[in-house]
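Reader: Please take me through one part of this model in detail. I would like a strand, its pairing partners and the charged contacts that go with them.

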Amino acid sequence: MGDALATPEPAAPPTPEERPAPRRSRTAPLIACAAVLGVVAGTCVGYLVQADRAPTRLPSLAQPVLAQAKGPGPEPLSAARDRQVRTDGDLRKLLVEKPAGARKSDLSGVDGWVDLAEYSTFFVDLDSSFRSLMSEGFRRAVVAEWAQGDRQTGVVLAQYRQENVLEVDGYEWSDLYADIDGVAREGWPVPGTGSGLAYADPEPIRESGYGPLYTATAFAHRGDIVMKIWITDTKRIPKATITDLAERQLERL
């Protein structure tokens with residue numbers, strides 16, 4: 001009788017493997033499908049509605065018609081006021097005049113127009129100078145040279161085509177001259193220019209078989225024309241000599 005009234009032992013909880021898998025809810029997929037279908041349907045309806053409508057006229061972008069001015073137009077600028085009128089003409093006429101009593105220089109025999117091949121010989125490296133002048137838009141050049149006693153003077157005006165820049169920059173000559181042969185040279189500003197420079201060597205060049213030779217040079221540019229002046233003499237060349245000549249040449253431009 002005691003065994004009949006005994007409380008039965010509780011059953012053991014099922015293991016994870018014996019638990020039934022939870023039922024998946026179908027609500028979330030149905031909502032997602034409905035949202036996608038709603039977007040597609042709305043797009044199609046909007047396209048059909050817009051296709052049946054007449055195109056909306058856009059506002060005009062044109063300026064209102066202006067009345068044309070009457071009367072004679074302005075007079076063209078004279079050569080004295082329009083620099084391009086002068087520089088597009090005979091460039092030789094813009095070269096500074098030779099001093100009274102000066103004779104033709106025997107340095108190179110050049111006086112007047114200089115073509116690209118001959119102008120390239122004015123640089124140390126002929127091959128690279130020729131290619132560089134071509135790429136920089138070299139147009140034409142003129143040279144004037146004269147002699148006064150032992151002093152030799154030369155002036156070069158080189159004109160470039162202004163296709164990519166408003167002004168040419170011929171100061172690579174100035175940079176090279178300032179440090180040529182490893183000698184540092186002090187330059188002075190050329191009056192009337194933004195960055196023109198003049199140099200006068202304090203010590204002469206000495207070569208075997210030749211007497212001492214002093215040099216001075218100036219570099220500047222005005223618009224599309226680059227100017228270079230050089231002077232050689234057996235005596236030291238004053239600073240005023242090279243700067244005054246550079247000023248007179250720039251005034252003619």
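Author: Strand β7 (residues 214-222) is mostly covered, with eight of its nine residues buried. Buried means under 20% relative accessible area, exposed over 50%, and partly exposed in between (1.4 Å probe, protein chains only). Strands (E, at least two residues) and helices (H or I, at least four) are DSSP runs, numbered from the N terminus.

This is a predicted model: local features need pLDDT of at least 70, side-chain atom pairs count only at pLDDT 80 or more, and totals for chains, interfaces and linings use all residues. Residues are numbered from 1 along each chain as its sequence is written, and side-chain values use heavy atoms, without hydrogens and water. The predictor's confidence in each residue, pLDDT, runs from 0 to 100. Its mean for the protein chain is 75.

Two strands pair if DSSP finds at least two bridges between them. Strand β6 (residues 197-200) pairs with β7 in the antiparallel sense, over four bridges. Ala200 has Ala216 of β7 as its bridge partner. Ala216 in turn has Ile231 of β8 as a bridge partner. Strand β8 (residues 225-233) runs antiparallel to β7, joined by nine bridges. Two residues lie between the strands of this hairpin, where Gly223 takes a positive phi near 65 degrees.

Asp233 forms a salt bridge with Arg151, the closest N and O atoms being 3.0 Å apart. The pair links distant parts of the chain: Asp233 is in β8 and Arg151 in strand β4 (residues 151-160), 82 residues apart. A salt bridge puts a side-chain nitrogen of Lys or Arg within 4 Å of a carboxyl oxygen of Asp or Glu. Asp233 counts as buried because its relative accessibility is 8%.
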